[in-house]
Amino acid sequence: MRAMILPAPHKPLVPELRADPAAGPGQVVIAVAARGVCRTDLHIVDGELPALPHPVVPGHEIIGRVLACGAGVDRFKPGDRVGVPWLGWTCGVCDYCRRGQENLCPNARFTGYQIDGGYADRTVADARNVFRIPDRYNDTDAAPLMCAGLIGYRCLRMAGDAHRLGLYGFGAAAHILAQVARHQGRSVFAFTRPGDTAAQGFALQMGAAWAGGSDDTPPEVLDAAIIFAPAGALVPAALRAVRPGGTVVCGGIYMTDIPSFPYEILWRERVVRSVANLTRQDAEEFLQIADEVRLQLETHSYPMSQANEALAGLREGRFTGAAVLVPESA
Ligand SMILES: [Zn+2]
Ligand SMILES: [Zn+2]
C-alpha cells in the first residue's frame, strides 16, 4: 500500500510503499477513502508535541470501509463504512478509564501519532475505537467530523448551557460547531485573526450572529467561549469577553504560552479549562447529532500525494473549512 510518512519532526512527509497490514485480534483493517487534515497533524510535523522515536503515518480523521476483521470482532463486517478518530486505544483498567475519563488514560495511544494513521491506502484500528458514519455524508465530508467535529463537540459540552457562545479561530472545528450550536438554539459569536474578512464572511455564512477580529469587543457579553486557535494571548482576550461565572474552553492540543493577566478578569467565578482528546461516548453522541442535523461541510480535496501542500495550506490559512486527502484519481 502507499503511505505518506513523517520521518521525523520538521521534515516533509515522504511517500513510501508498505506491506498491506493485517488485522490482529480485536482489530479491523480499513481501506481508507478519505482522511481529514487536522491542525494536530501540523503540531506533530512541527515537533510541538512530545516527539516520537519512530516515523509515523499521520492522520486521525479517517473514513473508509472495513476490509477484514481480526479474531473476536463482531461489531463490524467487511464492507461496513466506518470512521477512526484520534483516540486509538485505551487501557480500560486505569482509574481514568474506570471513571469515564478514558480521554485522560495515561496509557492511551493516539491515531496518527503513536499508531500509524490514515495518510495511507489502508490502516488498522482497534475495533472498539471505530464508529459507524451517518449515511447522509459522503466520505470527504465525513472526514472532518472525526476530529474537528468530535473534539469540537466535547468543547461544546464543556461550555455547558451557554447561550451566547464565542468561538475563537474559525476553522474546521468552528464551522461544524457553529451549526450544532445554532441547531441547539445558541447564538454564535466568531472571532478570527484581525482583518481576516474571508474567515469572518465564512463564519456568518455558517450561522454566526456576529463575526469580528479577536481584538474586537463582541456586541454582547458572552456566556462562554471556546478557543480553537493555538494562540495563548486569546485566553485573556476571551476572559474579558465572558460574563461572571462564564467558562473559557481551550480546545487545542497545543497553545503558545498564555501571557500574564490581571486577576480581575478571572475573578467572579470565571473558569478557564482545557479539553483533551475525546471519549468514545463523545463520538457516539456527536455522530448521533450529525445524523440528525444536516451539517454543511466545506472541504478542500487534495490527492494523498499532496499531503505536504494540504498541510502548508492549513498552516497559511489558505482555505476556509477543512482539507481532506482523497484518492489520486479524485
Ligand atoms: Zn486507561
Ligand atoms: Zn485532530
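This is a friendly dialogue on reading the contacts in a predicted model.

Trainee: Let's begin with charged side chains. How many salt bridges does the count come to?

Mentor: The general idea is that side chains of opposite charge can pair when their charged atoms come close. In this structure the count comes to 16 salt bridges.

Trainee: Which residue forms a salt bridge with E16?

Mentor: The partner of E16 is R18, and their closest N and O atoms are 3.1 Å apart. E16 is partly exposed because its relative accessibility is 35%, and R18 is also partly exposed, at 25%. These two residues belong to a network of salt bridges that links E16, R18 and D116.

Trainee: What parts of the chain does the pair of E102 and R280 link?

Mentor: First, the contact itself: the side chains of E102 and R280 meet in a salt bridge, with 2.8 Å from N to O. The pair links distant parts of the chain, 178 residues apart. E102 sits in the loop between α2 (95-98) and β7 (109-110), while R280 belongs to helix α8 (residues 280-292).

Trainee: Is E102 buried or exposed?

Mentor: E102 counts as buried, with 10% relative accessibility.

Trainee: Where do R164 and D223 lie?

Mentor: R164 forms a salt bridge with D223, and the closest N and O atoms are 2.8 Å apart. R164 lies in strand β10 (residues 164-168) and D223 in strand β13 (residues 222-227), so the pair ties together parts 59 residues apart in sequence. R164 is partly exposed, with a relative accessible area of 22%, whereas D223 is buried, at 9%.

Trainee: How many aromatic pairs does a search of the whole structure find?

Mentor: A pair of aromatic rings is described by the distance of the centres and the angle of the planes. The search finds eight aromatic pairs in the whole structure. In one of them, W86 and F110 have ring centres 4.9 Å apart and planes at 15°, so the pair is stacked. W86 lies in the loop between β5 (81-84) and β6 (87-89) and F110 in strand β7, so parts 24 residues apart in sequence are tied together. W86 and F110 are both buried.

Trainee: Why is the pair of W86 and Y113 stacked?

Mentor: The ring centres of W86 and Y113 are 5.8 Å apart and the planes are at 25°, so the pair counts as stacked: the cut-off is under 30 degrees. Y113 lies in the loop between β7 and β8 (122-126), so this pair ties W86 to a part 27 residues apart in sequence. Y113 is buried, and so is W86.

Trainee: Which residues do ring pairs link into a cluster?

Mentor: The cluster is made of Y168, F189, F191 and W210.

Trainee: Which ring does the charged end of R99 sit over?

Mentor: The charged end of R99 sits over the ring of Y96, 5.1 Å from the ring centre.

Definitions and conventions: Residues are numbered from 1 along each chain as its sequence is written. Chains are lettered from A and ligands numbered from 1 in the order in which they are written. This is a predicted model: local features need pLDDT of at least 70, side-chain atom pairs count only at pLDDT 80 or more; totals for chains, interfaces and linings use all residues. Side-chain values use heavy atoms; hydrogens and water are left out. A salt bridge is a side-chain nitrogen of Lys or Arg within 4 Å of a carboxyl oxygen of Asp or Glu. Buried means under 20% relative accessible area, exposed over 50%, partly exposed in between (1.4 Å probe, protein chains only). Helices (H or I, at least four residues) and strands (E, at least two) are DSSP runs, numbered from the N terminus. Rings of Phe, Tyr and Trp (its six-membered ring) pair if their centres lie within 6.5 Å; planes under 30 degrees apart count as stacked, over 60 as edge-to-face and the rest as tilted. A charge sits over a ring if NZ of Lys or CZ of Arg is within 6 Å of the ring centre and within 35 degrees of the ring normal.
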